[in-house]
2 protein chains.
Amino acid sequence: MRVRIDADLEKGTIERTELPESATWLGGRALADSILFEEVPPACHPLGPGNRLVFAPGFFAGTSMPTASRMSVAGKSPLTGGIKESNVGGMAGITLAQLGVGAVVIRGISPGPSLKLLVFRHGSAELMDAPELGGLGNYETVECLKKRFGDGAVILSTGPCGEMKMSAATIAVTDTNGRPCRHAGRGGLGGVMGSKGLKAVVMDPEGSQLRKGADPGAFAEAVKEYTKILQSSKRTAFWRENGTAALIDVSHARGSLPTRNFTSGAYDKKDRINSDRLKVLVAQRKGAMGHACMRGCIIRCSNIFNDPQGRYLTSGLEYETIAMMGSNLDIDDLDTIAQMDFRCDDYGIDTIETGATLGILTETDLFRFGDGERAIQLLDEIGKGTVLGRILGQGVTTTAKVFGIARIPAVKGQSLPAHEPRSLKGLGVTYAVSPQGADHTAGFVAEEPFSKEGHTERSRKAQINMVIADSLGLCQFTGLRDDYGLFARLIGALAGKIPSAEEVWRIGRDALWKERTFNQAAGIGPGQDRLPEFMRSEVLPPNNSAFDVEDQDLDRVFGDYP
Amino acid sequence: MRVRIDADLEKGTIERTELPESATWLGGRALADSILFEEVPPACHPLGPGNRLVFAPGFFAGTSMPTASRMSVAGKSPLTGGIKESNVGGMAGITLAQLGVGAVVIRGISPGPSLKLLVFRHGSAELMDAPELGGLGNYETVECLKKRFGDGAVILSTGPCGEMKMSAATIAVTDTNGRPCRHAGRGGLGGVMGSKGLKAVVMDPEGSQLRKGADPGAFAEAVKEYTKILQSSKRTAFWRENGTAALIDVSHARGSLPTRNFTSGAYDKKDRINSDRLKVLVAQRKGAMGHACMRGCIIRCSNIFNDPQGRYLTSGLEYETIAMMGSNLDIDDLDTIAQMDFRCDDYGIDTIETGATLGILTETDLFRFGDGERAIQLLDEIGKGTVLGRILGQGVTTTAKVFGIARIPAVKGQSLPAHEPRSLKGLGVTYAVSPQGADHTAGFVAEEPFSKEGHTERSRKAQINMVIADSLGLCQFTGLRDDYGLFARLIGALAGKIPSAEEVWRIGRDALWKERTFNQAAGIGPGQDRLPEFMRSEVLPPNNSAFDVEDQDLDRVFGDYP
């Protein structure tokens, strides 16, 4: 039995219900989507009382299945104006699931004056006051909460950016070391949390239990098979050894590494920020590679990055951050990037969106390429909420609007992540049409990267498979997105009712359809299914390619939809 | 013969063509819409090279017909993201038309470095440099240009806000006294002009000729009939005597006067800002009521407002400005409001949008109700383009976004004007569904103001009739919107080919349809055809009414479309 917890911040009440039968096979993104689709008026303001914020552990979260305990955070996005699911690692998915919780729904706006906490203990959920946390960064917030609730507490929190309801604010999740360094980063869901007056969700894992499923034997057997596939994959070892930073070299080589505000796909100084460089610094300073963000992960792509004095600086110095704050800003120094990453994690602001934002700011006199010191100052302005900081904290589209900038690397209000669609045209199709806005985790397509044709079906399939992974709690690096048969056995053994392979497919298909339908009712027309104009008119070095997939092929992703 | 002038700012070229046969009956809004619909890629950025800015005198402009020489300014709006037609009085419509120009299309972006002028003289059009005008307000711009081109020059210009590409920037038009006090105010078309690098359009009226039409006798006869109707209308005399400020009392009485950030429909201090008060001050200071913004107007609703020392302060102190900067901000002093109006005109920013913006700013610590001094300071910040000023200059929706405000009096990104839809529900339907965003000149519906039903057809008809008026060049105060037969005779006598009454209707219907279709392709889905959420959840004193027209009745305005 999985329960749903509704915390009404306006009334100060908690309601506890069983998940309905329709959710038998649903977790994570699919479950969150169905809740939002049914309960949130699409035209509501994302920061108003009508919006809801959902935390939903993936379907397999908290079981013995490895690398399968991610969590979905979802709501109507202040950044895109549509449904947003931001998927996060760390310890929250496991812990909630092992406390028997299938979904947490935050509704209403606290009348204040104090910030609120939602506290889960074995068999109980409670709203509490936490006036002392106002304005605190995520690191200090977590320290305070550990003093109050014990060192073992698993914590979801929002930083000052979330309290200020910024459109690029994140929700932090503590990792295996209890640090708030994993983030539901995209779409500004931290701003939604802030608008509710909720500062943190605290989970005391005491009494939590491994989920064994309705048919523990069959489940254990299927997990064994799944684990074997995962362990034998070359990729698993590759990510563990090199971290996601390995993508700096990969992207540079294929010309898809955003560089100097999306004017190049290759970075001449990439050796100063790539995985090799990272590994040297990590080893010198006794940090760690092969770090797991959540318990039970066998990929372990994360890392711990220390400063030159060997003191902890940040964890999970990841590819997207290194590219968007490094090559995209021509900041060729991992120490500066790590300081920026720490600040973003602490203030609770998306590194991808913020990197893109500083990139376009080079069109003004407020920032120039390569100025790491100024970049850090600007992040501090965001964290403090100065007038300039408040602009930047809304992300690239609002910043462009305020400064009259027309060249905007964003789709549906959300900045492009660190994969250039002009050198990855199939991914460009996903960026253009995904209900999530430009999002590299919405359906990665790497095939025939320079072909202008053939991506429609690939993108649709990749998007559906990604929804399935996000619903099951699988990390995208598991790479197991196609194996509906194995998933069906795993789901069935856990749920006590076996889906067909087609029913597994339908988990993804239906959730994606709900996201798109919600967005349309929210006013996002298909005319927004387009990449930024400049990606068609400007060719990208070094491949000198422009995005040239026909509009009709973009429209067919959903237009031909079964 | 009417010509179309294309000025390509990128190439520095001028092209002169005859208007096509399809434009035989088109002028103003309908002509501008058809140009934009055919030539502007809907997904282009409003400030990018793909957008075009159109100036199109109304069809009757420059003839002997009174109160019928208004002009349409149109382009893709940086404020709404859709097609925008902003209709303006003053002398530009007459002058362009009498120089034989049916439409001016500005395309491309000037490579700089100098700002550009487009100069019309009898039989010629020319692009010229004007580096000396950079950053100048509209008043100083006009002074400089008169020195260069003569006191008789008619001038269209954009102020510093347009140069800064602000989303609420206007385009100023000189009035009968040669002052830049008439504005194409809504939708940020000044920002589009600024993005092109065009500072002003200068028209030397020398050699311009009254347009007499293909059948001068029949035209003169029909004009006589039209004029008689207009002169005998009680409203004509009412507006002349009281100005649009008369609406303060009217709106207060029906509870539709936006007060204190749209929290009331009546204003306890309305006697300090109403028409009676205005007339007293105007008389004391030897200003003028019954002032005509354009030559040949027999309504003459404008005024000249002097300061206490009897020096000119502003002209056209109009209802919308008085309400949005007066009652809506609880500023109960016409002198302060007039100073604000002057600044808005000089900097080139929309008084409606800016009044609404300062209204929501009362939710922050940056502004409080009644603080006229601070309001003026904030306008100065906009004019100077400080960081805060740049936010405010983008209007209410962007300002709300930056400061995390969820209660936003806007539709499709554009602020509501000074008519509360909770006490004017038919107008609320127009606000909600008009392709122009919330706009009181998009189709005013005053009937059964508190009924939740019956407005669908009224709003559709009012919108079509308004497009017809905007296309013909008629001021909305002519109130002659229904008389298709008379219009058909007037159009036919001027064009040499008589339309049927249905063809007159079709001018409006087709243009409106093009606006909507363009918007959809630009990504504005029907889900944006909604009033702000708070207008359904908050009842408005003193009538204690909320907006309760059903969504389906909103959708039927275009959904049932013939």
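**Entry 1: the interface**

I began with the buried area between chain B and chain A, which is about 2,400 Å², 59% of it on carbon and sulfur atoms. Buried area here is the accessible area (1.4 Å probe) that two parts lose on being put together, summed over both. The model is predicted: local features need pLDDT of at least 70 and side-chain atom pairs count only at pLDDT 80 or more, while totals for chains, interfaces and linings use all residues. Residues are numbered from 1 along each chain as its sequence is written, chains are lettered from A and ligands numbered from 1 in the order in which they are written, and side-chain values use heavy atoms, with hydrogens and water left out.

Next I looked up who takes part: 34 residues from chain B and 34 residues from chain A, where contact means heavy atoms within 4.5 Å. How many salt bridges cross the interface of chain B and chain A? I found zero, taking a salt bridge as a side-chain nitrogen of Lys or Arg within 4 Å of a carboxyl oxygen of Asp or Glu.

On chain B, the elements giving two or more residues to the side that touches chain A are α14 (387–392), α15 (396–403) and α19 (501–521). I read helices (H or I, at least four residues) and strands (E, at least two) as DSSP runs, numbered from the N terminus.

**Entry 2: the symmetry**

I then superposed chain B on chain A: a rotation of 180° with 0.0 Å of shift along its axis does it, with an RMSD of 0.0 Å. The two copies are therefore related as by a two-fold rotation axis. Within chain B, G525(B) comes closest to the rotation axis, its C-alpha lying at 2.0 Å.

**Entry 3: Q394(B)**

I picked Q394(B), in the loop between α14 and α15 of chain B. Is Q394(B) buried or exposed? At 1% relative accessibility, Q394(B) counts as buried; buried means under 20% relative accessible area, exposed over 50%, and partly exposed in between (1.4 Å probe, protein chains only). Its side chain reaches the backbone nitrogen of S167(B) at 3.0 Å and the backbone oxygen of R390(B) at 2.9 Å. Beyond its neighbours within four places in sequence, Q394(B) has contacts that include K401(A) and V402(A) as well as L79(B).

**Entry 4: salt bridges**

My search of the whole structure gave 84 salt bridges over all chains. In one of them, the side chains of K199(A) and E163(A) meet at 2.6 Å, N to O. K199(A) is in strand β12 (residues 198–203) and E163(A) in helix α4 (residues 160–163) of chain A, so the pair ties together parts 36 residues apart in sequence. K199(A) is buried at 0% relative accessibility, whereas E163(A) is partly exposed at 25%.

I also noted E457(B) and R556(B), whose closest N and O atoms are 3.2 Å apart. This pair links helix α17 (residues 455–472) with helix α21 (residues 551–559) of chain B, 99 residues apart.

Methods. Copies are superposed by least squares on the C-alpha atoms of residues with pLDDT of at least 70 in both. A polar contact is a pair of N or O atoms within 3.5 Å; within protein, one must be able to donate a hydrogen and the other to accept it, and residues adjacent in sequence count only if both atoms are side-chain atoms.
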